[in-house]
Structure formats: structure tokens, C-alpha cells
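Colleague: Could you walk me through this structure, one feature after another? I would like to learn how to read each of them.

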Amino acid sequence: MNERKNRRVFMGRQMLRAVLERLKAQDRLRECAVPVDPRFELGAVLSAFNNEQPILFRNVKGSDLPVVGAVYGNRSIILDLLGTTTEKRLFKLMEAISLPSKPRLLERGPVQENVVTTGIDLLKMLPVPTSNERDAAPYLCASAFVVRDTETGKIQMAVRRIQVLGGNKLYILVSGASPHLLGEIRRCAERGRPLECAVVLGYDAPFLLASQIGSGKYGLDKYEVDSTLRGEPLELVRCRTVDLEVPAWAEIVLEGKIEPGRAEPEGPFAELMGYYSTVAPAPVMEVSAVTHRNAPIFQHAFPCKEEHLAYGMIKEAEIFAALAHTVDVRDVNLTLGGGCRLHAVISIRKRAEGDGKSTILGTLGAYKDIKHVVVVDDDVNIYNMAEVEAAVASRFQASRDLVVVSGALGSPLEASHMERGVSDKMGLDATKPLGDKAALYEAAVIPGFDKVKSSIDRYFSDGVDRRR
């Protein structure tokens with residue numbers, strides 16, 4: 001009995017509260033006790049730290065609930081929470097995709113300690129922030145939208161922006177970049193029945209990463225991917241008003257349905273690269289139940305770094321797997337500056353002339369949203385943009401190393417693509433030549449540099465670190 005009780009405590013530590021405990025223990029969580037307005041001010045505080053510093057706001061104006069933001073805006077935090085490293089994370093993600101495992105269904109869970117089915121007014125119940133000046137309304141930006149595939153029965157989910165206008169109505173963004181969900185909504189409409197759905201708030205890193213895998217490409221059950229990523233079954237409970245399961249240890253769940261044929265204007269909203277999206281019809285979800293833990297924590301992500309960082313990490317694994325059939329690829333980085341989807345830096349171990357261009361073509365073919373690809377040798381740290389820029393400066397010649405593709409399909413979240421409907425793609429082969437000419441690119445070395453750097457303080461009598 002004691003063993004089971006101890007294990008239950010451990011299982012409960014797997015979602016958002018466990019993450020916050022870990023971050024606090026590592027001195028990576030900041031807490032704000034000053035009153036903060038969820039309209040613009042809260043987002044401004046997060047943005048002052050580039051949305052990379054997890055912050056727990058304990059005093060949010062107009063609400064009794066604390067709000068936590070920027071939990072997953074830092075790559076190193078996600079890697080730590082997954083129990084992996086930069087070098088190993090691609091293989092961990094590929095394993096989860098290729099070897100999914102079953103979740104576990106519980107009879108009850110903390111997320112249903114409180115159940116509300118009447119008098120639902122979401123803006124009165126939840127401190128939903130408004131982030132940017134022209135945003136049409138408050139938005140849920142860290143919400144995992146969950147549906148069941150009506151043909152296979154598998155769970156599909158993705159982090160979506162959700163507009164909240166009051167009452168029990170939510171407007172769900174479903175763009176052309178979400179063909180699987182569009183298909184589900186269409187099939188339900190053809191059958192004249194609603195699409196049952198749920199919105200999950202308060203999750204951990206495995207859940208977030210699993211949500212970012214393409215539904216149509218793999219046909220996976222996202223809960224099964226999550227279970228492999230976390231190393232044990234994801235614990236679930238059945239919803240109270242719809243036929244779905246949700247994480248037992250989440251903070252808040254909104255249950256409901258999308259009625260066929262109903263859509264309302266959604267937007268504008270400041271999207272991926274900080275530009276406003278256009279106004280377009282969006283499906284309407286009517287919330288039939290709000291369930292939550294005692295003293296729930298509201299999870300927020302200032303648009304759109306956290307979601308796209310996790311999305312980019314999944315795409316990095318996909319691109320790595322696609323390139324591995326052609327070149328000796330070492331690593332893939334979808335950069336923050338490119339929204340974790342528009343710019344790719346690829347490291348290869350060059351074996352033959354032409355490997356650089358093959359990498360460019362393979363990358364552009366593996367993921368349509370990418371506009372610009374830089375290919376470098378494996379002596380370049382692709383997470384250090386100064387090193388990448390130096391490789392372009394010294395190893396790239398436009399007349400021979402530039403690849404341009406005009407009028408290709410691009411990202412619907414990118415402003416110049418939205419303007420034209422197509423994107424021009426560019427690849428830069430910044431790899432060294434093979435053979436005798438490679439000697440021209442031999443980097444200078446300071447003998448004993450690493451030893452000196454590791455003990456630099458001994459060179460200063462006062463013991464003060466002078467490296468700044």
C-alpha cells in the first residue's frame with residue numbers, strides 16, 4: 001500500500017506543478033508578487049525577458065488564480081525536463097515517434113477535483129491575457145486542443161491559439177496548416193454531428209513535444225507518443241461531458257463541442273514573427289464543462305515562442321531523419337530568429353562535393369515552411385550564430401554556393417508569403433572544399449587554451465572573474 005501511495009505521489013509530479021518545483025529548485029523560476037494587469041502588462045513583463053524566463057505571477061488583477069508564463073521558452077529547460085541533451089535529443093524524439101506506448105486510464109484524477117457545468121463565463125473564471133495592442137480579444141496561447149480521430153479513434157492534439165470573447169464560447173484557429181483537423185470538422189459536418197473536443201492547460205514538456213508532431217503525417221496517437229517520451233504511461237481520466245480522455249494531472253480542462261457549419265470571425269492576432277494575422281472565419285467551441293484542480297495555476301505563453309520552439313524541435317528530428325538517407329548529417333537547428341520554422345542551419349560531415357547542395361534540397365523538401373538554409377561543416381557550432389556567420393563569410397561564394405528556388409509553397413504564418421501566396425527559397429552552402437584546398441580553411445589553434453580558460457581566475461590576484 002505504501003509503495004502504491006509513493007508511486008502516486010511520483011506520478012503526480014509529472015505535469016506543470018512538478019515542472020515549477022524543478023525550476024524553483026534550480027533557481028530558474030522567478031516569482032512576481034506585484035499586482036499585474038493581464039491586459040498587456042503581464043505580456044510586457046514576459047517579453048522583457050525575451051519570453052525565455054519562467055515567471056509565476058501571484059497577483060494578477062481581477063483574478064484569484066496565479067499565472068505562469070514562459071515555462072518552455074528556453075531550449076535548455078525543455079532538454080532538462082526531457083532528461084536529455086542537445087546531442088541526444090533528436091534520437092529521443094525519433095524513438096517516441098517510432099515506438100509509441102500506451103497511456104494509463106485512471107478512475108479519477110486531480111484535474112476533476114472541481115467540476116463546473118452551469119453558469120460558465122470563461123473570462124470571469126480565468127485570467128486570460130491580452131498580449132498585443134490590436135489583438136481582437138484575450139487569447140489562450142498555451143492551450144492544447146484535443147480531439148479523437150473519428151476514423152481511427154486515436155487522439156490528436158496541438159497547441160492552438162484560442163480567442164475568448166466571454167460566456168462559454170471559444171473561437172479555435174484552424175488554418176490550412178492543419179489539414180487533419182479541417183478534415184475532422186468536415187467529416188463531422190457531413191454526418192450532421194458535432195466534433196467533441198477538449199482544451200488542456202497546465203502540462204509538462206513531454207506533453208508539449210508530443211502535441212507538436214504532425215497528425216496526418218504519422219497517424220499517431222499523441223498520448224502514446226507522450227508516454228514514450230516521459231518513460232512511463234501518461235495518466236488519463238475520462239471527461240465528464242464528452243467522449244475524450246485528458247491528462248489526470250493537468251491544471252484546467254475545458255470540455256465541449258464544435259457544432260457543424262458554425263463559424264465566427266477570428267483575429268487579428270500577433271502571430272509567429274510579430275505581425276498580425278488577418279481576420280477569418282473560425283469554428284466555435286461551446287464549453288460544456290470546466291474541470292480543474294484545487295487552487296489551479298493558469299498556464300500562459302506569450303505568442304508565439306514556446307509553442308514554436310517545441311514545434312521546431314520536432315521538425316529538427318524530422319529533417320534529421322530525412323537527410324540521414326542522403327548525407328552524413330550531424331545536427332539541425334531551426335533558429336529562434338526564424339521563428340523556429342523559417343530558417344534552418346544544418347551541420348554535416350562532408351564526404352563528397354555536392355553534399356552541401358544535397359542537404360539544401362533535402363531540407364527544403366522535408367519541410368515546406370523553411371525559407372533559408374545554411375549548411376556548415378561539423379566544426380561549426382550551429383547554435384552560435386557568430387560561428388555560423390563566420391562560416392558564411394569565409395566559406396561561401398554566391399556564384400557557386402547559392403541555391404535559389406522561386407515561387408515555392410511556404411509558411412502561411414509568414415507575412416511575405418501571405419502577401420504573395422508563394423515564397424522564394426534560398427540555400428547557402430558554407431562548407432569547406434575537400435582535398436588539398438581544405439588546408440586553406442584550417443582554423444588557428446592556441447595550444448593549452450582550454451586549460452587556461454577553465455582556470456582563468458588564477459591569473460588575477462583579487463580572484464575576480466575578468467571575462468566580461
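Modeller: Gladly, and we can begin with pairing: two strands pair if DSSP finds at least two bridges between them. Helices (H or I, at least four residues) and strands (E, at least two) are DSSP runs, numbered from the N terminus. In this case, 3 bridges join β8 to strand β13 (residues 280–292), and the two run antiparallel. Leu170 has Met285 of β13 as its bridge partner.

Colleague: Before we go on, what kind of model is this?

Modeller: It is a predicted model, in which local features need pLDDT of at least 70 and side-chain atom pairs count only at pLDDT 80 or more, while totals for chains, interfaces and linings use all residues. Residues are numbered from 1 along each chain as its sequence is written, and side-chain values use heavy atoms, leaving out hydrogens and water.

Colleague: Which strand pairs with β7, and in what sense?

Modeller: Strand β7 (residues 155–164) pairs with strand β8 (residues 169–172) in the antiparallel sense, over 3 bridges. One example is Gln163, whose bridge partner in β8 is Tyr171. The hairpin of β7 and β8 has 4 residues between the strands, and there Gly166 takes a positive phi near 115°.

Colleague: What is the strand order in the open sheet of 3 strands?

Modeller: The order is β4-β10-β11, with mixed pairing. Its edge strands, β4 (104–105) and β11 (245–247), each pair on one side only. Strand β4 runs parallel to β10 (residues 235–238), joined by 2 bridges; Leu105 has Leu236 of β10 as its bridge partner.

Colleague: And how do α5 and α10 cross?

Modeller: Axes are lines fitted to C-alpha atoms, for helices over the stretch in contact, and angles run from 0 to 180 degrees between N-to-C directions. The axes of α5 (residues 89–98) and α10 (residues 222–230) come within 8 Å and cross at roughly 140°. That makes α5 oblique to α10; angles under 35 degrees count as roughly parallel, over 145 as roughly antiparallel, 65 to 115 as roughly perpendicular and the rest as oblique. The contact (heavy atoms within 4.5 Å) involves Lys92, Leu93, Glu95 and Ala96 of α5 with Val225, Thr228 and Leu229 of α10.

Colleague: Finally, how many helices and strands does the chain have?

Modeller: The chain has 16 helices and 19 strands. Its C-alpha atoms fill a box of roughly 75 × 60 × 50 Å, taken along the principal axes.
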